[in-house]
Amino acid sequence: MSLVALVLGYFLYGRFVERVFGPDDRVTPAVAKADGVDFMVLPSWKIFMIQFLNIAGTGPIFGAIMGAKFGPAAYLWIVLGCIFAGATHDYLSGMLSIRHGGANQPEIIGQYLGNGTKKVMLVFSVFLLMMVGAVFVFSPAKILGDMWEPAVVTENLGQYTFWIVVIFVYYLIATMMPIDKIIGKVYPLFAFSLLFMAGALLVMLFVKWPSIPELWEGLSTEALTPKAIFPCLFITIACGAISGFHATQSPLMARCMKSEHQGRPIFYGAMITEGIVALIWATVAMYFFYDSPTPGYEAMGLGIEATGDAPSIVNIICNDWLGVAGGILALLGVVAAPITSGDTALRSARLIIADFIKLEQRTIRKRLYVCIPMFAAVIALLVWQMSDKEGFGKIWNWFGWSNQTLSVFMLWAITVYFFQKRKPYVITLIPALFMTVVCTTFLFSEQLFQLDSLTTAIIAGATLLVAVVWFVIWCKMYNKKN
């Protein structure tokens, strides 16, 4: 039922959102600004595969597995979030980038929410992208290092150093090279691997047909996490429902599209595809956590501690269900996917910084002006993360909150755009208000002050009221001036 809902969401609600925006036959930035580095026309199938991998990585896998600990509510958030929030956010942010000459997220937000907001979001988004680069270096380096690394390097420079250096070298090359040289050639293969793995697991679900909690059981299923379902579920499952990180990636592909009419299959379609992957992994995790009468981890002879680590669950399930081929696919999923998310994140950061300081990026020397200090900052962040045993968890929590907060600002910018164009802005206003409450609640209850639920609810309610009043006042003022 959930799978069908996502597919119908693409054909029905996706078409409605497309009609609201109104793509036309104007010349796109890929043609008008072609530079052979970042602006160039690529085949639509390749753009789709790159966009899917850019926005996915391990997000719809790890997030869905951890989100499944909240029970069947995870299904509901993946389906409704993906159709009405995430895919809508991705499509409209990508299309606005095309309409504004391939503009990056901070520029679009600044255009509609003001120059002060633009400056804040520039710092905010660049820091988020550098966090992605740091977070997605250590986990694949650790996995590869546990498999093999040169003894001489380990003894003299420390464990995992070899693979960290290798990944950073790849980051630098991929970030600076023209988009068709590495990303355009390698990403479609990795994207296919993720889709193939998800498809194989879907077939195995139909073969095994596990007895797992259904959507209508709602909150009656006992959660395997002490965290509050609101707001934590909506932060935990981000890439499978809505993610602000996606709006930093969409401009990369907006600069490669020949026609605006490609927008729905590429932007909306890639997010729906990611939602399907998240749904499959959430269902697989439900089997692992809740299968009746024997949970999956018990059937495999494992203890409850096996439910704590998402990467380990990926390896266990893939090897048990798919054999040797599954182990290889799992390795691609937990190693290649985060690396590819990291390099496109840093590529986006390079472009955002370069656009802000008005530094052209045709020449390698000018690209190095941005890349060298940026990579130095990412390395410093990684060193801190590795020196503090709680470092990864701290960065990941801030990444989750920052990621969803970016989506809030993007949704508000799109809402203002629609209002100015006299179009039905409610399609982004409702998700903007909802995610405003989610991010505020998470910040005060879980992330920063750890306030009690009543105090947090009052603060979140007040934030919601201020947002509504601000928007109403702004609308009246705009109508008077225009």
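**A buried valine and beyond**

Reply: Val 37 has a relative accessible area of 5%, so it is buried. Please note that this is a predicted model.

Me: Where does Val 37 lie?

Reply: Val 37 is in the loop between helix 3 (29–32) and helix 4 (44–56).

Me: And which residues does Val 37 touch, leaving out those up to four places away in sequence?

Reply: Val 37 touches Pro 178, Ile 179, Arg 347, Gln 361, Arg 362 and Arg 367.

Me: How far is the C-alpha atom of Val 37 from that of Val 123?

Reply: These two C-alpha atoms are separated by 24 Å, and the residues are 86 apart along the chain.

Me: Is Lys 366 buried or exposed?

Reply: Lys 366 is buried, because its relative accessibility is 18% and the cut-off for buried is under 20%.

Me: Changing topic: how do helix 4 and helix 13 cross?

Reply: Two packed helices are described by the angle between their axes and the distance between the axes. The axes of helix 4 and helix 13 (residues 245–254) come within 9 Å and cross at roughly 155°. Helix 4 is therefore roughly antiparallel to helix 13, as angles over 145 degrees count that way. The crossing is right-handed.

Me: Which residues make that contact?

Reply: Helix 4 contributes Ile 47, Ile 50, Gln 51, Asn 54 and Ile 55, while helix 13 contributes Phe 245, His 246, Gln 249, Ser 250, Leu 252 and Met 253. The residues of this contact divide into six nonpolar, five polar and no charged.

Me: Now the rings. How many aromatic pairs are there?

Reply: The count comes to 37 aromatic pairs. One of them joins Phe 288 and Phe 289, an edge-to-face pair with 6.0 Å centre to centre and 65° between the planes. Both Phe 288 and Phe 289 are buried.

Me: Why is the pair of Phe 471 and Trp 474 stacked?

Reply: The pair is stacked because the planes of its rings are at 20°, and planes under 30 degrees apart count as stacked. The ring centres are 6.3 Å apart. Phe 471 and Trp 474 both lie in helix 20 (residues 453–481), three residues apart, about one turn of the helix.

Me: Which aromatic cluster includes Phe 471 and Trp 474?

Reply: The cluster is formed by Trp 412, Phe 419, Tyr 425, Trp 470, Phe 471, Trp 474 and Tyr 478.

Conventions:
Residues numbered from 1 in each chain as written. Predicted model: local features only at pLDDT ≥ 70, side-chain atom pairs only at ≥ 80, totals over all residues. Heavy atoms only, no water. Buried < 20%, exposed > 50% of the residue type's maximum accessible area, 1.4 Å probe, protein only. Helix = DSSP H or I, 4+ residues; strand = E, 2+ residues; numbered from the N terminus. Contact = heavy atoms within 4.5 Å. Axes fitted to C-alpha atoms, helices over the stretch in contact; angles between N-to-C directions. Parallel < 35°, antiparallel > 145°, perpendicular 65-115°, else oblique. Left-handed = near helix turned anticlockwise from the far one by under 90°. Nonpolar A, V, L, I, M, F, W, Y, C, P; charged D, E, K, R; others polar. Phe/Tyr/Trp six-rings, centres within 6.5 Å; stacked < 30°, edge-to-face > 60°.
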